[in-house]
Amino acid sequence: MDLVFSVYILASAPYGTLYCGHTDYLARRIWQQREEHFRGFTRRYGVHRLVWYENGDSREGVLIRERQIKKWNRAWKIRLIEAMNPQWLDLYETLNC
């Protein structure tokens with residue numbers, strides 16, 4: 001399995017609660033979030049819908065990008081999501097799992 005580093009945003013619903021994270025295996029991480037394998041924010045607020053992601057070249061690169069996005073205000077995050085996914089579809093279904 002080749003590592004593909006990704007930064008992603010999950011939402012509870014269109015325009016709902018947002019969560020930003022990073023991983024080296026996007027499909028597995030989103031599956032874990034959907035199945036509520038982790039206690040914490042995503043489980044507590046029902047944040048399971050993959051609405052945006054971006055692949056990077058390195059773990060360090062996506063971590064930097066995640067930290068950048070986490071500092072953004074909500075309107076900027078929504079614009080980022082809607083540039084890729086204006087319908088707020090769950091992109092998990094489009095990943096090659």
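This is a predicted model: local features need pLDDT of at least 70, side-chain atom pairs count only at pLDDT 80 or more; totals for chains, interfaces and linings use all residues.
I started with the side chain of N85, which reaches the backbone oxygen of L89 at 2.7 Å.

Next I asked which other backbone oxygen the N85 side chain reaches. I found that of V51, at 3.1 Å.

Then I looked up where N85 lies. It is in the segment after α4, the helix that spans 74–84.

Is N85 buried or exposed? Its relative accessible area is 3%, and the cut-off for buried is under 20%, so N85 counts as buried.

I also listed the contacts of N85, leaving aside neighbours within four places in sequence. They are L50, V51 and L91.

Which of its residues are buried? I noted K77, I78, L80 and I81. Looking down the helix axis, I saw that these buried residues fall within an arc of 160°, so they line one face of α4.

I wanted to know what covers that buried set.

On the face of α4 turned away from the buried side, I found the exposed residues R79 and A83.

Last, I checked the start of α4. There a side-chain oxygen of N73 comes to within 3.1 Å of the backbone nitrogen of A75.

Key. Residues are numbered from 1 along each chain as its sequence is written. Side-chain values use heavy atoms; hydrogens and water are left out. Helices (H or I, at least four residues) and strands (E, at least two) are DSSP runs, numbered from the N terminus. Buried means under 20% relative accessible area, exposed over 50%, partly exposed in between (1.4 Å probe, protein chains only). A polar contact is a pair of N or O atoms within 3.5 Å; within protein, one must be able to donate a hydrogen and the other to accept it, and residues adjacent in sequence count only if both atoms are side-chain atoms. Contact means heavy atoms within 4.5 Å. The arc is that of the directions from the helix axis to the C-beta atoms.
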